[in-house]
Amino acid sequence: MTLVLRNIPAARQWVREARNSGQSLGLVPTMGALHEGHRSLFRRARAACGRVAISIFVNPAQFGPGEDFERYPRTFEGDLAMAEQEGVDAVFHPEPGEMYPDPLLVTVHPGKLGKSLCGPFRPGHFRGVATVVAKLFHILEPDRAFFGQKDAQQAVMIQRMVRDLNFPVAIEICPTVREPDGLAMSSRNRFLSPAERARATALYRSLCRAESLLRSGVKDAARLEQEMQTMIRAVEGAELDYASVVDARTLEPVSIIDREALAAVAVRFGKTRLIDNLFLAPEK
Ligand code: AMP
């Protein structure tokens, strides 16, 4: 049976009992509208930890004005069924008022890591993410927490937050789960019209093109960026936010790919914004 914890005292009580059992505790933070990408994280957590909690919380603090907080899909009954199927022990599912009884005065600033890639397009987003993840870590006290490579900037930032601020939690980043045609699974894919859904493969195709150019010896990051941008701009209805190659650890721009880099793209189709990324490893 998966227990649903709707408030912080109930969560703390559950954590106390889990800790007393002597088992390790795994946490997978999510915003719900669960898909196979989430499922892969639950499985990884189930395999690695004695007790597994997930959180389902559409975090208002990480949505800017005019973004899709209201329209973000909420499918709690189906989500709970997936959690049950995957043997998740507890689902933390608070209301916004439980997490934010008062406007926050103190928050976690991601510094430079919040400024690259999606940063300029989503001001305040990464501060909202860092802050809610810090809160979830303090409420649920996991030994290990699991995040997806799909949200690469978030993954890098959380790893740094944990290291820089000495959170006693190990972070595991799990591979991106894709549809058969390469589109990265996302709760937002359901908003795409059939035509947009077909065109949305442009994100992954552009990343693969960058990778294959690198394989053929093109190490100039600007060339790869240009190629990705051209491919995406050629797609009807695709509005490019960015297609960039950055250092995989610092997310700073690189000029020559001589260490591990990240190719990352963000593209809007109508009101739906999609992101994707791929590691680019230089030839040894
Ligand atoms: P979200 O519910 O979108 O906030 O995502 C919750 C967690 O699932 C985050 O760590 C995401 O990176 C991860 N995730 C989302 N989509 C995928 C995917 N397609 N493959 C792997 N992990 C994913």
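Trainee: Which residue in S5 stands opposite Leu-27?
Mentor: In this predicted model, the residue of S5 that stands opposite Leu-27 is Ala-145.

Trainee: How many bridges join S2 to S5, and do the two strands run parallel or antiparallel?
Mentor: S2 and S5 run parallel, and two bridges join them.

Trainee: What is the order of strands in the open sheet of six?
Mentor: The order is S1-S4-S3-S2-S5-S6, and the pairing is parallel. At the edges are strand S1, residues 3-5, and strand S6, residues 170-174, each of which pairs on one side only. From one strand to the next, the twist averages 25°.

Trainee: Which strands does H2 lie across?
Mentor: H2 lies across S2, strand S3 (51-56), S5 and S6. Its direction is at about 155° to S5.

Trainee: Now the ligand, please. How many residues surround it, and which are the closest?
Mentor: The ligand is surrounded by 17 residues, and the closest are Met-31, His-38, Asp-151, Val-177 and Met-185.

Trainee: What lies 2.8 Å from an oxygen atom of the ligand?
Mentor: That is a polar side-chain atom of His-38. Backbone atoms take part as well: a polar backbone atom of Met-31 is 2.9 Å from an oxygen atom of the ligand, and a polar backbone atom of Gly-148 is also 2.9 Å from an oxygen atom of the ligand.

Trainee: How much of the ligand's accessible area does the protein cover?
Mentor: On its own, the ligand has 480 Å² of accessible area, and the protein covers 93% of that.

Trainee: Which elements give two or more residues to the shell around the ligand?
Mentor: They are strand S2 (25-30), helix H2 (36-48) and strand S5 (144-148). H2 provides the largest share of the shell, three residues.

Trainee: And how do the residues of the shell divide into nonpolar, polar and charged?
Mentor: Eight are nonpolar, seven are polar and two are charged.

Trainee: Back to sheets. What is the order in the open sheet of three strands?
Mentor: That sheet has the order S7-S8-S9, with antiparallel pairing. Strand S7 (238-247) and strand S9 (272-280) are the edge strands, each pairing on one side only. The twist averages 15° from one strand to the next.

Trainee: Over how many bridges do S8 and S9 pair?
Mentor: Strand S8, residues 261-269, pairs with S9 over nine bridges in the antiparallel sense. As one detail, Val-265 stands opposite Asp-276 in S9.

Trainee: Which helix lies across S8 and S9?
Mentor: Helix H8, residues 202-215, lies across S8 and S9 and runs at about 20° to S9.

Definitions and conventions:
Residues numbered from 1 in each chain as written. Predicted model: local features only at pLDDT ≥ 70, side-chain atom pairs only at ≥ 80, totals over all residues. Heavy atoms only, no water. Near = heavy atom within 4 Å. Polar contact = N/O pair within 3.5 Å; in protein donor to acceptor, adjacent residues only side chain to side chain. Areas by Shrake-Rupley, 256 points an atom, 1.4 Å probe, with all protein chains shown as cover. Helix = DSSP H or I, 4+ residues; strand = E, 2+ residues; numbered from the N terminus. Nonpolar A, V, L, I, M, F, W, Y, C, P; charged D, E, K, R; others polar. Pairing = 2+ DSSP bridges. Axes fitted to C-alpha atoms, helices over the stretch in contact; angles between N-to-C directions. Contact = heavy atoms within 4.5 Å.
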